Every structure is written in structure tokens, then in C-alpha cells.
Amino acid sequence: MSAISAADVHKIVLACEAGMGSSALVVSQLKKQLKDLPVTVEHTSVSRIPADADLVICHRSLAERARQVAPSHPVVAFDTFIGDPAFARIAEALRSGAAIEA
């Protein structure tokens, strides 16, 4: 497991199977939660994780693939698209300046 300092997170990428659908809903939710912070949130397919992502979020079923595609990026896995505690944990860490465990 790796960690990233909240101060080092400027771009969060939510990676999913195709880069649309459920991930767009999660991205919208995260943007609302983080709107007062200097963080951008985008979504993409797991095969196209951009090099400038600071933190990658993806469904647990895609986590290993995301780690293979972007081995130098911390990857946080979640289980459910709506209301997963991982999203609240990330938002709280960004607000408090704590490290985000991946």
C-alpha cells in the first residue's frame, strides 16, 4: 500500500472500464464535494490513465489493471459507485491535509 500527501494531489482521475457511464456520476459527485479545493476531477478508461494524474480512483475489480497501466500512481479502490466510504475518506484527507492511503 502506498500513500500520497494531500498537498501533492491536484488532479484526481476516476478510471473505469470505458470512461463513461457510472464514472461520470461519481466524478460529478466528487466535483461537488471538492469544489472549494484546488483539485480537478476527471474520468477516463482504465487503459488511458493520464501521466499527470496524481491520484487514481477505480472500482476494486479494475484496481490491479490500473496499477499495471499507471504503476507510479497511487490507486484507491472502491466497491460501490454511490456513497462508497473511499470517496469520503479522500475528501476528508484533502480537507485536513492528511495522507491518502492507496
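Strand 4 (residues 55-59) is mostly covered, with 4 of its 5 residues buried. Buried means under 20% relative accessible area (1.4 Å probe, protein chains only). Strands here are DSSP runs of E with at least two residues, and helices are runs of H or I with at least four, numbered from the N terminus.

This is a predicted model, in which local features need pLDDT of at least 70 and side-chain atom pairs count only at pLDDT 80 or more. Residues are numbered from 1 along each chain, and side-chain values use heavy atoms, without hydrogens or water.

Two strands pair if DSSP finds at least two bridges between them.

| Pairing | Bridges and sense | Example of facing residues |
|---|---|---|
| Strand 2 (residues 11-16) with strand 4 | 4 bridges, parallel | I12 opposite L55 |
| Strand 4 with strand 5 | 4 bridges, parallel | I57 with V76 |

From strand 4 the chain passes through helix 2 (residues 63-69) to strand 5, a right-handed β-α-β crossover. Right-handed means that, with the strands pointing away from the viewer, the path from the first strand over the helix to the second runs clockwise.

D84 sits in the loop between strand 5 (75-78) and helix 3 (85-96). D84 is buried but has no salt bridge. A salt bridge needs a side-chain nitrogen of Lys or Arg within 4 Å of a carboxyl oxygen of Asp or Glu. R60, the nearest side chain of opposite charge, is 6.4 Å away. What lies 2.9 Å from a polar atom of the D84 side chain? The backbone nitrogen of T80 does.

Note on methods: Buried < 20%, exposed > 50% of the residue type's maximum accessible area, 1.4 Å probe, protein only. Lys, Arg positive; Asp, Glu negative; His and termini not counted. Polar contact = N/O pair within 3.5 Å; in protein donor to acceptor, adjacent residues only side chain to side chain.
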